[in-house]
Amino acid sequence: MSTVFLAHVSVFALSALACLAALPRAMRVGHPETRKGLVGLLLTVALWAGGYVGYLVAPGEALKTASYIVGFVSALLAVGAWLYFCAAYTGRSPRRAPYRWAVVGVFAATSLLKVTNPLHELYFTTAWVSEPFPHLAVRHELLYWAVLGLSYAVIAVGFFMLLEQFYYAGADSRPLVALVAVTAIPTAATVFGGELSWLLPLMYEPPGVALFAVGTLFVYVRRFEAIRFAAESDDAAIFLDQSGRIRDYNRAARLLFPSLRGAIGEPLDSVLPQLTVDRETDGVIAVEGETDGVIAVEGETDGVIAVEGETDGKTGASSRTTRFFHVSRNAFTAGGATSGELLTVDDVTDREQYRAQLEDRTEQLEALNRVVRHDIRNDMAVIHGWSETLRDHVDDEGRDALERVLRKSAHVIELTETARDFVDSLTGDAVLEAKPVDLGTVLTTEVQVARDSFPDATVRVAGDPPDVAVLANEMLASVFRNLLNNAVQHNDTEAPEVTVSFEETDDRIRVRFADNGPGVPDAEKEEVFGKGEKGLDSAGSGIGLYLVSVLTRQFGGDVWIEDNDPRGAVFVVELVRASETTDDEAARSAEPSTSH
C-alpha cells in the first residue's frame with residue numbers, strides 16, 4: 001500500500017478524531033455564542049475530514065464521489081462556522097450582524113450547487129489516475145476556484161478579527177497567534193497541491209483547524225478565555241492559575257503595574273501583594289507606595305485600594321499622588337472545577353476623591369451643627385433672657401431699641417434651630433425613614449407656636465385640618481414652621497396675615513400657606529428654594545426654604561409657589577397620603593416638635 005496514500009488517510013482521519021475529541025471541552029466554553037461557533041466549527045471540520053477519508057478509502061466511484069461531496073459541502077459550512085466563531089469570540093454578536101440572512105442564503109445556494117455537481121459538473125469532474133497512487137482524481141472547474149477565493153476572503157476576515165482581539169487585549173497572546181498561524185499553513189498545501197505530484201488537489205485546512213482546536217482547548221484554554229474577557233474591558237486585567245500564579249496580563253495592567261514584566265509564573269502575592277485578598281470575601285485593601293508593585297499594605301477598605309506614587313511636575317520636583325482602584329475577581333471554571341481566575345483593576349480615583357470631599361464636608365457640617373446648636377444658640381438665649389429683664393429698667397426712649405434687640409435675638413435663636421434642622425437633614429442625623437405622621441397634630445402645634453411668636457400677625461386655619469396621616473417623619477414640623485415664619489417675616493404690611501387651607505385627593509394632601517405679603521415674582525419662584533444650580537447661593541430667603549424643599553423631596557412630596565389674590569404668595573406643600581392600613585399607627589409615630 002502506498003505510503004503517500006496512508007499519509008493522506010491518516011492526516012484527515014486524525015484531524016476528524018481530534019475535532020471530535022475536542023467537542024466536550026468546547027461545550028464548556030463559558031460564552032454562549034463563542035461556544036456555539038466553536039462547536040459548529042469542530043463538527044463541520046470533522047465531517048469535512050471524514051468525507052475526504054471516505055473519498056480515499058470507499059470502494060467504487062459512486063461512493064467516492066458522494067463522500068467527496070459530503071466533505072466538499074462541509075468545507076463550506078466550516079467557513080461559515082469559522083466566521084461565526086471569530087465574530088462571537090471578538091464580541092461581534094452574529095445574531096446582530098447586518099444582512100445575515102442574505103449571507104445564509106448565499107451559503108445555502110452554494111451548497112446546493114455543490115450537492116448537484118454530478119448533474120452540471122460546474123465544480124469538478126472526476127477521472128481514474130494511477131499517480132501518486134491509484135485513486136479517483138478530482139479536476140476542479142472555474143466555479144470551484146471562484147468559491148474558494150471567496151471562502152479564503154471570509155476566512156481572512158475571521159483571522160483579522162482574532163489578531164485584532166489579541167492585539168487590543170494586550171496580553172501575551174503569542175501562543176494563540178502561533179496556533180492561528182498553524183491553522184493558516186495548510187492553505188499553502190491547498191493552493192499548491194496541483195503543482196506537487198505527491199499532493200492530491202484537495203483542501204487541507206482540516207489539520208490546521210484540528211491543531212487550533214487541540215491547542216486552544218487542551219493547552220491554552222484559560223488564556224483563550226482570558227483574552228476574550230480582557231478585550232471586552234479597558235480595565236487592567238491579570239490572569240491567575242489555580243495556585244495563584246500569574247499566567248498573563250493585558251496592556252493596561254502592565255502600564256499600571258510595571259513589576260508585572262517578566263513575572264509570568266510568579267505568585268501574585270510576591271509580585272503585587274497589595275492585590276492579594278481573601279478569595280472567599282469581597283474585601284480589598286488600601287496600599288501605599290509606588291505603582292511599580294513595591295507597595296506596603298496599609299489596611300483594609302471597602303472594595304478599594306489606594307496607591308500612592310510619585311509624579312514629576314514641570315519644575316522637576318517630585319510630589320506624592322494617591323490613586324484608588326477597585327479590584328474584582330472572576331473565576332474560570334472547567335468541568336465544574338475552578339481552573340483559574342481573572343482580576344480586573346478599575347481606576348476609581350475620581351469617585352473616591354469626590355467621596356472623600358463629601359466626607360470632609362459632612363464633618364464640617366457636623367462641626368457647624370455643634371457650634372450652632374450649643375454655642376451660638378446658648379449664648380443668644382442668654383442675651384435674650386437678660387434683655388427681657390431690662391424691660392422695667394428702660395425709659396420710653398430706650399424701649400424701642402430694647403424691643404429691636406429682643407426681636408433680633410429671638411430671630412437668631414430661630415435661625416439656629418433652622419440651621420440645626422438643615423444640617424441634620426444633610427448629615428442624616430435626624431432624617432428617618434418616612435412613616436405615617438398625623439398631619440393635623442403637627443400642623444396645629446406649629447400654628448400655635450407661630451401665633452405665640454408673632455402676636456402682631458394673624459394666623460388662621462380654614463376649617464379643621466383633615467384627619468389623615470401623611471408619609472413624613474419628625475422633620476415635618478420644621479417644614480411647617482419655616483413656611484409660617486417665612487410668611488410673616490417677609491411680609492411688608494403692618495398686619496401680616498397667613499391663611500392655612502387644605503386640598504385632598506385620593507393619594508395626596510396639599511397644605512396651602514397663603515399670605516398678604518409682596519408676593520414672589522415668577523422668575524424667582526424656583527430660586528427661593530435654592531433649586532437652581534447655585535443651591536443656597538440662589539436669590540432666596542435663606543436656608544429655611546431650602547430646607548423645606550429638601551425635606552419635602554425626602555418625603556416623596558413637593559413644594560411650589562402660586563400667586564395669591566389680590567396680593568401675596570401661596571406656598572403649597574404636597575405630601576403623600578399614608579396607606580389606610582397604617583393610619584392607625586400615625587398617632588403613635590407623630591411626636592410634635594416642642595423645641596423652639
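The legends below describe close-up views of a predicted model.

**Figure 1. Overview of the predicted protein chain.** The model has 596 residues, and 45% of them count as buried. Its secondary structure comprises 18 helices and 16 strands. When contacts between residues at least 6 apart in sequence are taken, 61% of them join residues at least 24 apart. The exposed surface comes to about 30,300 Å², with 56% of this supplied by carbon and sulfur atoms.

**Figure 2. The largest pocket and its lining.** This pocket holds about 1,000 Å³ of space. Its lining consists of 31 residues, and R407, A410, S453, F454 and Q489 are the ones nearest the centre. At least two lining residues come from each of the helices α13 (349-388), α14 (396-427), α15 (439-453) and α16 (476-489). Helix α14 contributes the most to the lining, with 10 residues. Sorted by class, the lining has 13 charged, 11 nonpolar and seven polar residues.

**Figure 3. The second largest pocket.** The volume of the second largest pocket is about 760 Å³. It is lined by 28 residues, of which G80, L83, V103, V104 and F107 lie closest to its centre. The helices α3 (61-89), α4 (100-115) and α6 (142-169) each supply at least two residues of this lining. By class, the lining of the second largest pocket divides into 20 nonpolar, five polar and three charged residues.

**Figure 4. The largest nonpolar core and a second, separate one.** In soluble globular proteins, nonpolar side chains tend to be buried together. The largest nonpolar core in this model has 55 residues, and Y55, Y68, W82 and F85 have the most contacts inside it. At least two residues of this core come from each of α1 (3-26), α2 (32-57), α3, β2 (135-140), α6 and α9 (205-219). Helix α3 gives the largest share of this core, 14 residues.

Figure 5. L547 belongs to α17, which spans residues 543-554. L547 counts as buried because its relative accessibility is 0%. The C-alpha atoms of L547 and F529 are 8.0 Å apart, while the two residues are separated by 18 positions in sequence.

Figure 6. I561 is part of β15, residues 558-563. Is I561 buried or exposed? With a relative accessibility of 9%, I561 counts as buried. Beyond its neighbours within four places in sequence, I561 is in contact with V520, K525, V528, F529, A569, V570 and F571. D522 lies 39 residues from I561 in sequence and 8.9 Å from it in space, C-alpha to C-alpha.

Figure 7. V576 lies in β16, which covers residues 569-576. V576 has a relative accessible area of 17% and is therefore buried, the cut-off for that class being under 20%. Which residues does V576 touch, not counting those up to four places away in sequence? V576 touches A469, V470, L471, D507, R508, F555 and G556. V576 and D558 are 18 residues apart in sequence, with a C-alpha to C-alpha distance of 9.3 Å.

**Figure 8. The cis peptide bond between D565 and P566.** Most residues other than glycine have a negative phi, and most peptide bonds are trans. The bond joining D565 and P566 is cis, with omega of about 15 degrees. P566 is placed in the loop between β15 and β16.

**Figure 9. Backbone geometry at E121.** E121 is not a glycine, yet has a positive phi of about 50 degrees. Where does E121 lie? E121 lies in the loop between α5 (117-120) and β1 (124-129). Because its relative accessibility is 44%, E121 counts as partly exposed.

Methods
Residues are numbered from 1 along each chain as its sequence is written. This is a predicted model: local features need pLDDT of at least 70, side-chain atom pairs count only at pLDDT 80 or more; totals for chains, interfaces and linings use all residues. Side-chain values use heavy atoms; hydrogens and water are left out. Helices (H or I, at least four residues) and strands (E, at least two) are DSSP runs, numbered from the N terminus. Buried means under 20% relative accessible area, exposed over 50%, partly exposed in between (1.4 Å probe, protein chains only). Contact means heavy atoms within 4.5 Å. Accessible areas come from the Shrake-Rupley method with a 1.4 Å probe; for residues, only the protein chains shown count as cover. On a 1 Å grid over the protein atoms alone, a cavity is a set of points where a 1.4 Å probe fits but cannot get out, and a pocket is an open set with protein on both sides within 12 Å along at least five of seven lines; lining residues have an atom within 4 Å of a point. Grid points are joined across faces, edges and corners, and a volume is the space filled by probe spheres set on the points. Ala, Val, Leu, Ile, Met, Phe, Trp, Tyr, Cys and Pro count as nonpolar, Asp, Glu, Lys and Arg as charged, and the others, Gly among them, as polar. A nonpolar core is a set of buried Ala, Val, Leu, Ile, Met, Phe, Trp, Tyr and Cys residues joined through side-chain atoms within 4.5 Å.
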